[in-house]
Amino acid sequence: MANEVQAPPFSHPRWQLWPGLVIGSGLLLLAGLGLGSLLQASGASDAGRLLAGSYFQNVIRFTLWQAFLSVILSLGIALPVAFALNRFRAFPGRALVLRLLELSLVLPTIVAVSGLIAVFGRQGWFTALLDAGLPGHGWNLYGLNGILLAHVFFNAPLAARILLQALETVPAPRLRVASQLGLHGWWLWRAVHWPALKPVLPGLAALVFTLCFTSFAIIMTLGGGPRTTTLEVAIYQALRFEFDFTQAALFALCQLAICGSLWFLVFRKRLDTAFMPNRQLSQPASLVRGKWFGVACGLVLAAFIVFLMTPLVAIAVRGLPALIPMNEPIALYHQLLPATARSLLIAVPAGVGAVAVALLTLAAANRASGRWLAVIPAMTGYLPLIVPPLVLGTGLFIFLKPQLGNPMQGWSLVALINGLMAVPFTLQVLRGPVSSLDSASKNQADQLGVLGWYRWRWLYWPILRRPIALALAYGIALSLGDFGVIALFGSPGQPTLPVLLYQQLGSYRMTEAAGTGLWLLLVLISIFASLSGVSSPSSGKGSGAIKPVPEPDHA
Amino acid sequence: MLEINQLCFRYAPNETQWRFNITVPKGQCLAIQGPSGSGKSTLLSLIAGFLSPDEGQIFWDQHPIHTLYPWQRPVTSVFQEHNLFEHLDVFSNIGLGIHPGLKLTPSQRKAIDSGLERTGLAGFGARMPGELSGGQRQRVALLRALLRQQPILLLDEPMTGLDPETRAILYDMVLEEKQRGVTMLLASHDNEERRTLADIQWNL
């Protein structure tokens, strides 16, 4: 008989189930509280008249229209890019291009927008080219043009990354068969590519739609007039300037209803999107290529890279002189360094919290049985996407009634909400790796009694170390770039980096804004660089890089 | 004595039901043969507790074990493949069988090292499973099973697809265990394997 060991720490199933359930219900409660307290604070008022008003209908119409166009454009651009990246694996810098695509997820909106303005704005490079080649073109960045451009800038890379990942899950044997049969054109698409893309497309479209539907900072900077306002901005304006809680609550309910029913449809079909690759496949077979195929792929990729890079280059070119000033080097950093400290003070706890919540939620989702119990952890992953953070924040604010003049309370509130907002993204990064433990390993672990803390330490932690570092980087970065919640609670005298940038943009101190933008970009890159240094266990000793898992050799 | 008493199982409500009635005396090896899909692996999974039966009982030494969790049952399984945790080195893979949190005494560490030596894997402790051949992986899996010193060993085609030399090493290891009084169930297609290892043969 093996020596009888004590039950491993935290091995009771409740440790997997309850924390996630508590967090999920807490989030639901928070959202309910936010809406409830808004409605309560608003008192009796005329909801029907508000909903029938032309302002409300204009806002709804514009929000839907721009989100719809953004989805079409983003997916339309992402699809050829993903194809080109899928078919061309051997060109130098492919890994860098993939990093560039991932960067778009965390690039603070306000930084990207300032880059886009530098390229496409009135005095931008692109506009200058257009002026020279096509006088009287009437291009104007502000309005629908700019909103769509910015949405494509953010969402096309994200969509391309997800589509590429879907294309890479085509099983190697199927590719070999297609290669041997010489499939090309329509039948290659029907037999190989479409089956791989079909399951992710609805979820992806819903994700892009939600991100554009709830877009805030882009609309604030590039749109903003009554003709180009989204619900999220209307909520902000109602809360911040008009103190009209009824209107804010009603708008928030509309947003919840529209995005919620969209996700409900996606869920009904049991579709899922994963943001990050979670498996490596063996060497793909080569497929039939047309004569111009390579040229077309190269052109698509080059155009897309130029589109993504020019705003970043513009930020760097304009920001460098501000960061390395000749005459008075201290003045700029007087503002930058405290703002960085404040940003990190909010972002690091938010990132850590987002990772912890994601892990507990995944544990609960794996453990939860029964229809209703399983809904709660699933909600945690999607609710933050569709509940306006401002509503959560305002609800908490009204509920907790923190003393004004104590910035710490406001900041911890901001950190909490930013953490929750990052959960859908950290969750997606971690979901694949958590479920990558196959049932054979789980059975083995059950038999050996590797449970609770021991299972986490010896089975999950080695697999999850790298994804956790990545998720942490995303969590911190998303929170670092946040401009939504902080705009409501932050005090203008003590800005975080994005608020400082917004203030500088707002007062037309463009050189300083460029410097702040570049600084924020550099902070983000250094966070990613330091956290991607975390190594996976198998690369630590002996073998070097992770090898693709070999197919089992049968008898 | 391992007694399996009217054990019933079906994967889905309208699929065929399996019913098992077996007795294996202590220290003997029962070989089960039958075509693929005849329920060999199902039976072994039921004994290990990976599947739960619709009805019936399993007794070990007159104690019911079908109510226990997999980690509480006095059994160790070795499958045809996927026995090892791919992200842990050989030493940790074996060590987790002795203590599920890898808290090993010096003598247990020595036992692992000498076990590796005995099976021709001296110095392989720091290797990852991915760097081993199929035969080497099975030797590690079997070594872990033996070091667990559980009274029941469930072998689910553990030697299928291995070369004759590796088989010979594994046969020796299994037979030595049997001599120590371990009770075994062996699912196998292979005549030679059953002849070498089994005391009783049973057709499904």
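Chain B of this predicted model has an average pLDDT of 89, with 100% of its residues scoring at least 70, where pLDDT is the predictor's confidence in each residue, from 0 to 100. Chain A averages 79, and 84% of its residues score at least 70. Within chain A, confidence is highest in helix α3 (residues 54-87), at 91, and lowest in helix α24 (residues 537-540), at a mean of 42; helices here are DSSP runs (H or I, at least four residues), numbered from the N terminus. The pLDDT is below 50 over residues 273-283 of chain A, a stretch that has 35 contacts in the model beyond near neighbours in sequence, a contact being heavy atoms within 4.5 Å. Where pLDDT is low, the predicted coordinates should not be read in detail. For the complex, the predictor gives an ipTM of 0.78 and a pTM of 0.77.

Helix α5 (residues 109-120) and helix α7 (residues 144-168), both of chain A, pack with their axes 11 Å apart and at an angle of about 125°. That angle makes α5(A) oblique to α7(A), because angles under 35 degrees count as roughly parallel, over 145 as roughly antiparallel, 65 to 115 as roughly perpendicular and the rest as oblique. On the α5(A) side, A:Thr109, A:Ala112, A:Leu116 and A:Phe120 meet A:Leu149, A:Ala150, A:Phe153 and A:Phe154 of α7(A).

Residues are numbered from 1 along each chain as its sequence is written, and chains are lettered from A in the order in which they are written. Local features need pLDDT of at least 70, side-chain atom pairs count only at pLDDT 80 or more, totals for chains, interfaces and linings use all residues, and side-chain values use heavy atoms, leaving out hydrogens and water.

Definitions and conventions. Axes fitted to C-alpha atoms, helices over the stretch in contact; angles between N-to-C directions. Helix = DSSP H or I, 4+ residues; strand = E, 2+ residues; numbered from the N terminus.
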